[in-house]
Amino acid sequence: MHKELIDYIKNTEDDIYNFNLGVWYEKQSHKSPATSFYLRCAEITQDKNLEYECLLRLYLCYKGSDRDYTCEVFLKYALEIDPKKPEAYFFLSQYYEFKKNWFDSYFYAHLGLMVSDKTPSNFKTVIDYESEYMLIFYKAVSAWWIGKNEESRMLFNKLKDEYKLNKFYFMLVEKNILNIGVGNYYTSSIRYNKKYDDLKFKFEDSEKIDKNFSQVLQDLFVLTALNGKKNGTYLEIGSGHSFLNSNTALLEQLGWTGIGVERNPELAEMHRNERKNKILCENSLEINYEEVLKSNFKENIIDYLQLDVEPSINTFMSMCLIPFNDYKFRVITYEHDHYVDMKKIFREKSRNYLRGMGYTLVFNDIAAVQGSSFEDWWVHKDLIDDSIFKNLISCKKEDINLAKDIMLKKK
Amino acid sequence: MEHMILTQNCLDFGCCLKPLLVPIDKINGPSLTNPSVYVDNQEILVNLRNLNYILYHSEKSKFEHAWGPLCYLHKESDQRLVTKNILCNLDKNLNITSYDTIDTFFLDETPMWEFVGLEDGRLVKWENKFYLSGVRRDTTKNGVGRMELSEIKNKKNKLIEVSRVRIPAPEPDNSYCEKNWMPVLNKPYVYIKWTNPTEVVEVDPINVTCKTIKLGVYNPSLECGDLRGGSQVVFINGYYLAIVHEVNLFQSEACKKNSIYRHRFVVWNENFELIEISNKFSFMGANIEFCCGLAEINESILITFGFQDNAAFILSIPKKILGNWIKIYA
């Protein structure tokens, strides 16, 4: 006879002995008998904390067994016992999220954040509630589906920036941030319009440019670094739309040639139809860059390299495939997407890598708006004009660089 | 305490209590309960009732379910309450060494009622054939229950129900539900159908008939409730012994059903005259427990019982302490 059973037999009305026997059955993966002893314990005990824990364990025993209404009953009983504890709110929010009942999921997560003390209770068994970030997570998820999209984005970013998440939630937050995008605010663009703006850095024939295409003036930065070069060359990894936010559309109009890489077949097709220069519709992680560069460029110095393949890891891994020992680039724009990089490692990795290859970071953490720094701008000091290099470096700031502050001044 | 807790009462007398479990991923539903034990030449066999539902019993009505203090929690996508039966072999330490779900495929018909399968099957070996004898309620649209006799054979290492006899009630066969008849192990096809007054019936499985062969008189001197059936009837030291149950069925103030089961040892003489009834007891202190297994092995008695329809146990007690509860064995 095992101890839990002997203890129980000795005093069948003892709350702890009932509880322990329930735990023993749960450990054997037999949840049905466990429910009997947890319920007996919940009804016997005078300890409110244990009573609450029993109801959570009852919920966990029934969870996923196609007895949903019963699950709700236990969690609501738990809430009734102690509305200050966060666990029942969390499980209710999670439960309704699973059922795609977004309003109730949002409601209980919100209520949990407003009413409970949010700190995990001191239980005898493991209850998978770690901290308030779990309530915030379900609030963020459900907010999205009830039209509170900006609140959802804000909450996911809060989770990313302010909480230490466990592996599972880390993965979920990362996935959600990638799926829901960054919203209108974070994807703002900064464009040059000759009517309203002046360029801070003048370059040859800069006065002939009326508008640019890049999201945050990258095309104008390339032209600045290369003093308005005509007929330059580029390798554009992650081409995107043929014109909207394109870093190479303006260059092409100035006679540049080059090759783009775009995995999305529709975007690649659009590129073929609307642009002159070549595009490869391939996964940037599966390309033999030596062959591509060899067959498309006569010289081993290329004027511009764009790296922009989401997520951050893919941009970095794509860069690592480029034969930097055989080819050099005068200017590089590298999109590290640090603001959505959950691991916060690829910005530093890319910087170490490019520094090791002899490049100089001219402008770091370029952003359209505060809080969304996503790109670094690099040059090869030996391959651009020294006076231009010094001029650019003199404007360098260590913190976030808003593109408009770097490149533009109001008329 | 208004009743004795049997396991507690025999804890100091060398008893052994074991939960009966088989791996959850090998069975057809969450609950294993109401086991029935049978000893065949020192080999311990147990039938486990495997349910697709979980019984919910708020004994103190503190956390009643929305459907009441006592309810069957089936899957929301399947309202049936299904029983399968699993036959197990146990070693001398009462650990399960092998098990197999009894395959009833060849005799099953489309169920017509929500209680499906053979319930509370008692293991019995008559004329060298193994049977499970329990109640089935799925053959009519209104849930009429009759005892059945299902022969179980091992064919190519697979347990198969090879025949099924639905036992009529003794004439007039018009009752709604017949259940918990207690098979008399040493008298083939004989059952004690009711305890007080004792009614003994004999079944002819070939011609599918049933007749009352003894009807005792109600003994008002035996102060007890409405005694129903329970375990098999085992002949021990010159007397027939069984464990029966009595039920207090009642309703909560909100008219929701509730019940309390209690149990008693019952002794008959060789002529099936009721001679002693023990005080009432529970097995482990719950209000819903059920016993449909009793067997003798060497100097011990084996008792199998279910706990709230959610758990199954086997209890071994030294035969010599039966006298603690039944004077005739003292």
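In which loop of chain B is the place of P197(B)? In this predicted model, P197(B) sits in the loop between strand 15 (190-194) and strand 16 (199-204) of chain B. Most peptide bonds are trans, and most residues other than glycine have a negative phi.

Two non-glycine residues have a positive phi. K156(B), with phi of about 50 degrees, is found in the loop between strand 12 (146-155) and strand 13 of chain B. K156(B) counts as exposed because 5 other C-beta atoms lie within 10 Å, where exposure requires 12 or fewer. In chain A, D337(A) likewise has a positive phi of about 50 degrees, in the loop between strand 6 (328-335) and helix 17 (346-356). D337(A) has 23 C-beta neighbours inside 10 Å and therefore counts as buried.

Chain B as a whole contains one helix and 26 strands. Its radius of gyration of 19 Å agrees with the value near 20 Å for a compact globule of 330 residues, and 47% of its residues count as buried. Among contacts in chain B with a separation of 6 or more, 55% link residues 24 or more positions apart.

Between the chains, 26 residues of chain A are in contact with 30 residues of chain B. Helix 3 of chain A provides the largest share of chain A's side, nine residues. By class, that side comprises nine nonpolar, nine polar and eight charged residues.

Conventions
Residues numbered from 1 in each chain as written. Chains lettered and ligands numbered in written order. Predicted model: local features only at pLDDT ≥ 70, side-chain atom pairs only at ≥ 80, totals over all residues. Helix = DSSP H or I, 4+ residues; strand = E, 2+ residues; numbered from the N terminus. Rg over C-alpha atoms; globule rule 2.2 N^0.38 Å. Contact = placed C-beta atoms within 7 Å. Nonpolar A, V, L, I, M, F, W, Y, C, P; charged D, E, K, R; others polar.
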